[in-house]
Amino acid sequence: MGGSGGAAGGPGGGPAGGTAGVAFDTSDATFMADVVQASTQAPIIVVIAPRLDKGAQDYTRQLEQELAVYKGALKLARLDPDQSPMIAGQLNASVYPTTVAFFQGQGLTGFQGAPGPAQLKDFIGRLAEAVGLSGAEDVGSLEQALEMAEKMLDDGHLEDALQTFAAIVGEEPSNARAVAGLLRTLVAAGRIEEAADALARVAPEIAEDPAIAGVRAAIELAVAGAAAAGEITQYEARLAADGNDHEARLGLADALIGAGRNEDAVEQLLEAFRRDREWNDGAAKAKLLTLIESLGPKDPLAGKARRRLSSIIFA
């Protein structure tokens with residue numbers, strides 16, 4: 001787009017805005033350090049759009065997802081033209097969003113308006129190739145990206161994990177580990193309906209993969225838990241009146257799962273199984289095994305629950 005190279009001679013003097021992550025904010029005061037100077041180390045894509053514009057927010061989020069697989073080798077700078085009109089004017093940003101790529105201190109290429117997914121992917125791919133990032137050895141393997149996303153999920157950085165998993169799934173839609181990670185992140189974020197919808201669209205060839213089976217169990221329990229949420233006191237009162245009210249005990253387990261109290265739910269399901277193994281075709285055991293599967297093999301509670309179940313069975 002015309003005029004994009006003019007930014008290289010723009011104002012300087014601002015402190016660096018921090019480019020350690022994939023995406024960051026910049027301004028008139030810091031653009032020279034944030035983008036022009038920093039682009040000598042790594043290519044930077046600049047998106048110019050009002051911060052509160054919903055369409056621009058969606059576009060920026062899509063860009064972040066596409067860039068996540070490059071693990072910081074390509075960066076994204078966000079510029080609000082309402083707060084930074086000087087740089088926006090120098091980059092001829094008359095339509096929002098305006099996108100400009102910088103490398104080695106120069107504006108390389110760009111466009112105005114939000115592109116379609118195919119055009120955006122092609123733009124990023126051509127930029128990566130132009131600066132020598134087309135090989136897997138440069139951008140990091142998908143295995144490394146998966147490990148990074150899983151650590152984000154474990155550390156509670158759900159939005160970052162979601163973006164990274166989504167980028168990997170975009171590259172490999174049949175990667176069961178990535179799809180399962182995406183689903184687990186949605187569950188952890190409380191976005192249960194989205195997780196259930198995404199699960200329904202899983203490719204048939206990976207639908208029965210153990211990783212998908214585990215997260216399917218987690219979604220089923222989350223749906224049941226959400227339906228029973230807020231009924232803990234009611235179920236406890238029923239059990240106080242009749243300890244053999246197995247329906248109430250399983251309902252209590254669902255409500256506890258919905259409240260995130262998995263260990264308490266395990267106790268209730270073990271007690272239900274101990275009192276009547278065959279009630280409702282072994283419903284307590286079935287739900288307990290579903291809970292164990294949803295926790296995953298690395299969760300200490302899963303191993304503990306399985307051992308205690310076995311001790312009851314073989315007592």
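Q: In this predicted model, which residue of β3 does D25 stand opposite?
A: The strand β1 covers residues 23-26, and 4 bridges join β1 to β3, which spans residues 75-79 and runs parallel to β1. Within this pairing, the β3 residue that D25 stands opposite is R78.

Q: In what order do the 5 strands of the open sheet follow one another?
A: The sheet is open and its pairing is mixed. Neighbouring strands are turned against each other by 25° on average, with direction ignored. Read across the sheet, the order of the strands is β1-β3-β2-β4-β5.

Q: Which strands have one side left without a neighbour in the sheet, and why?
A: Strands pair through backbone hydrogen bonds, either parallel or antiparallel. Two strands, at residues 23-26 and 106-112, each have a single partner strand, so one side of each is left without a neighbour in the sheet. These edge strands are β1 and β5.

Q: What angle does the direction of helix α2 make with that of β3?
A: Helix α2, residues 54-68, packs on the sheet and touches β1, β2, β3, β4 and β5.

Q: Which residues lining the largest pocket are the closest to its centre?
A: The largest pocket holds about 1100 Å³ of space, and its lining is made up of 33 residues. Helices α6, α8, α10, α14 and α15 each supply at least two residues of that lining. The closest to the centre are L153, R184, S294, L295 and G296.

Q: How many residues in the lining of the largest pocket are nonpolar?
A: The lining of the largest pocket includes 8 polar and 8 charged residues. The remaining class, the nonpolar residues, numbers 17.

Q: Which helix gives the most to the lining of the second largest pocket?
A: The second largest pocket has a volume of about 410 Å³ and is lined by 20 residues, with A166, L182, L186, A198 and R201 nearest its centre. At least two lining residues come from each of α2, α7, α8 and α9. With 5 residues, the helix that gives the most is α7.

Q: How many charged residues are there in the lining of the second largest pocket?
A: This lining divides by residue class, with 12 nonpolar and 2 polar residues among its members. The charged residues number 6.

Technical notes: Residues numbered from 1 in each chain as written. Predicted model: local features only at pLDDT ≥ 70, side-chain atom pairs only at ≥ 80, totals over all residues. Heavy atoms only, no water. Pairing = 2+ DSSP bridges. Axes fitted to C-alpha atoms, helices over the stretch in contact; angles between N-to-C directions. Contact = heavy atoms within 4.5 Å. 1 Å grid on protein atoms, 1.4 Å probe; cavity = no way out; pocket = protein on both sides within 12 Å on 5 of 7 lines; lining within 4 Å. Points joined across faces, edges and corners; volume = space filled by probe spheres on them. Nonpolar A, V, L, I, M, F, W, Y, C, P; charged D, E, K, R; others polar.
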